[in-house]
Amino acid sequence: MDRKEFLSQLGIGAAGLVLFGCMGGCEKESVPASPSNVNLTIDLTSTTYSKLLTPGQFAYTGNGIIVAQTTSGDYIAVSQYCTHEGVTVVFESTKNDFYCSAHNSRFNTSGAVQSGPAGSALKQYTVTKNGNTLTIKG
Ligand code: FES
């Protein structure tokens with residue numbers, strides 16, 4: 001008896017097999033849109049963002065963007081939503097990259113995919129520093 005005959009005897013056709021196989025796991029989460037037309041300033045002396053004065057630290061802006069200071073002292077910002085299923089990423093100072101713990105995707109400091117399952121980059125924003133003010137645009 002081959003597989004098709006076996007499933008047929010159980011009363012499960014190909015459609016039933018697909019449905020059965022997807023129970024509890026085939027729905028793809030929707031990924032929130034990356035913020036656009038961003039023009040945001042951050043005060044690095046505020047309690048919310050003062051940790052960004054330390055290399056390797058990161059913060060969320062509250063509108064879907066994660067900003068970090070790399071271990072080499074550059075300020076970077078990308079969409080906080082993983083392009084796989086929209087889970088919020090973190091900045092990992094030990095690897096100097098963005099990481100999504102949901103399924104282990106990694107993105108470099110420009111937002112490009114380093115390892116999947118994410119298949120596209122995080123949107124990158126430009127960050128300029130003037131004194132203790134960061135301006136994020138994109
Ligand atoms: S949601 Fe980020 S890797 Fe799956």
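**Strand pairing, cores and aromatic contacts**

Lys129 stands opposite Leu134 in β10. This is a predicted model, in which local features need pLDDT of at least 70, side-chain atom pairs count only at pLDDT 80 or more, and totals for chains, interfaces and linings use all residues. Residues are numbered from 1 along each chain as its sequence is written, and side-chain values use heavy atoms, with hydrogens and water left out.

The pairing of β9 (residues 124–130) with β10 (residues 133–137) is antiparallel and spans five bridges. Helices (H or I, at least four residues) and strands (E, at least two) are DSSP runs numbered from the N terminus, and two strands pair if DSSP finds at least two bridges between them. The hairpin formed by β9 and β10 has two residues between the strands, and Gly131 there takes a positive phi near 65°. Strand β9 is also joined to β4 (residues 75–79), by two bridges and again in the antiparallel sense; here Ala77 has Tyr125 of β9 as its bridge partner.

An open sheet is built from four strands in the order β5-β6-β7-β8, with antiparallel pairing. Its edge strands, each pairing on one side only, are β5 (90–92) and β8 (113–115). From one strand to the next the twist averages 40°, where axes are lines fitted to C-alpha atoms, for helices over the stretch in contact, and angles run from 0 to 180 degrees between N-to-C directions. Within this sheet, three bridges connect β6 (residues 97–100) to β7 in the antiparallel sense, and Cys100 has Ser105 of β7 as its bridge partner. Ser105 belongs to β7 (residues 105–107) and counts as buried at 1% relative accessibility; buried means under 20% relative accessible area, exposed over 50%, and partly exposed in between (1.4 Å probe, protein chains only). Beyond its neighbours within four places in sequence, Ser105 is in contact (heavy atoms within 4.5 Å) with residues including Cys82, Phe98, Tyr99 and Ser115.

And what of the nonpolar interior? A nonpolar core is a set of buried Ala, Val, Leu, Ile, Met, Phe, Trp, Tyr and Cys residues joined through side-chain atoms within 4.5 Å. The largest has 14 residues, and those with the most contacts inside it are Ile42, Leu52, Val67, Ala77, Leu134 and Ile136. Two or more residues each come from β3 (65–69), β4, β9 and β10. Another core, of twelve residues, lies apart from it and includes Ile66, Val78, Val89 and Cys100. Leu52 is in contact with Phe58, Val67 and Leu134, among others, once its neighbours within four places in sequence are left aside.

Turning to the aromatic rings, a search of the whole structure finds two pairs. Rings of Phe, Tyr and Trp (its six-membered ring) pair if their centres lie within 6.5 Å; planes under 30 degrees apart count as stacked, over 60 as edge-to-face and the rest as tilted. Phe58 and Tyr60 have ring centres 5.7 Å apart and planes at 80°, so this pair is edge-to-face. Tyr60 is partly exposed, at a relative accessible area of 31%. Phe91 and Phe98 are likewise edge-to-face, because their centres are 5.3 Å apart and their planes stand at 65°. Phe91 is buried, with a relative accessible area of 4%, and Phe98 counts as buried at 0% relative accessibility.
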